[in-house]
Amino acid sequence: HLKRVVGELRIPAAALGEKPQVIAARVVLNDLSVKGVALFSPVMLAPGQPVQLTVDQPRKFFVAGQVAWSQEITHDTHIISPNPFR
């Protein structure tokens with residue numbers, strides 16, 4: 001069973017060519033390590049794109065890094081949600 005919490009994902013302005021963007025993302029705590037974290041985002045993220053993540057549960061923490069890998073999740077995949085997540 002995956003433990004998911006909502007996190008605040010901040011995409012810096014340079015990554016978008018616009019103003020900074022802050023979005024809610026689902027963070028998979030079972031896949032959190034010093035090498036990375038799995039998350040689901042309502043916007044597509046590109047490999048190499050800088051991101052910052054803040055999570056409040058079970059403890060507040062902040063990490064900054066870059067996207068290592070990205071895959072679009074569609075209705076044909078095993079994720080069941082009324083909202084599209086990438």
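The model is predicted. The protein chain contains 1 helix and 5 strands, and their pattern along the sequence is β-α-β-β-β-β. The strands form an open sheet with antiparallel pairing.

**Overall composition**

- Of the 86 residues in the protein chain, 24% count as buried.
- The accessible surface of the protein chain is about 6200 Å², and carbon and sulfur atoms account for 55% of that surface.
- Among contacts between residues at least 6 apart in sequence, 44% join residues at least 24 apart.

**The sheet**

- Strands of a sheet pair through backbone hydrogen bonds, and the pairing can be parallel or antiparallel.
- In this model the sheet has 5 strands in the order β3-β2-β1-β4-β5, and the pairing is antiparallel.
- The edge strands are β3 and β5, each of which pairs on one side only.
- From one strand to the next, the twist averages 40°.

- Strand β2 covers residues 21-33, and strand β3 covers residues 36-40.
- These two strands run antiparallel and are joined by 5 bridges.
- β2 and β3 form a hairpin, with 2 residues between the strands.

- Strand β4 covers residues 50-55, and strand β5 covers residues 61-66.
- The two strands run antiparallel, with 6 bridges joining β4 to β5.
- In one of these pairings, L53 has V63 in β5 as its bridge partner.
- A hairpin links β4 to β5 through 5 residues.
- Strand β5 is hardly covered, as the count of buried residues among its 6 residues is 0.
- P58 is located in the loop between β4 and β5.
- The peptide bond that joins Q57 and P58 is cis, with an omega of about -5°.
- Most peptide bonds are trans, whereas the bond between Q57 and P58 is cis.

**L53, a residue of β4**

- L53 is found in strand β4.
- Is L53 buried or exposed? L53 counts as buried because its relative accessibility is 3%, and the limit for a buried residue is under 20%.
- Leaving aside residues up to four places away in sequence, L53 touches G7, E8, L9, V27, V37, L39, F61, F62 and V63.
- One of these contacts, V63, is also the bridge partner of L53 in β5.
- The C-alpha atoms of L53 and I23 are separated by 9.8 Å, although the two residues are 30 residues apart along the chain.

**Q49, a residue in a loop**

- Where does Q49 lie? Q49 is placed in the loop between β3 and β4.
- Q49 counts as buried because its relative accessibility is 10%, and the limit for a buried residue is under 20%.
- The side chain of Q49 reaches the backbone nitrogen of A46 at a distance of 2.7 Å.

**Salt bridges**

- Side chains of opposite charge can pair when their charged atoms come close.
- How many salt bridges does the structure hold? The structure holds 2 salt bridges.
- Another salt bridge is formed by K60 and D56, with 3.9 Å between the closest N and O atoms.
- Why does K60 count as exposed? K60 has a relative accessibility of 65%, and the limit for an exposed residue is over 50%.
- D56 counts as exposed because its relative accessibility is 52%, which also meets the limit of over 50%.

Note on methods. Residues numbered from 1 in each chain as written. Predicted model: local features only at pLDDT ≥ 70, side-chain atom pairs only at ≥ 80, totals over all residues. Heavy atoms only, no water. Salt bridge = Lys/Arg side-chain N within 4 Å of Asp/Glu carboxyl O. Buried < 20%, exposed > 50% of the residue type's maximum accessible area, 1.4 Å probe, protein only. Helix = DSSP H or I, 4+ residues; strand = E, 2+ residues; numbered from the N terminus. Polar contact = N/O pair within 3.5 Å; in protein donor to acceptor, adjacent residues only side chain to side chain. Pairing = 2+ DSSP bridges. Axes fitted to C-alpha atoms, helices over the stretch in contact; angles between N-to-C directions. Contact = heavy atoms within 4.5 Å. Areas by Shrake-Rupley, 256 points an atom, 1.4 Å probe, with all protein chains shown as cover.
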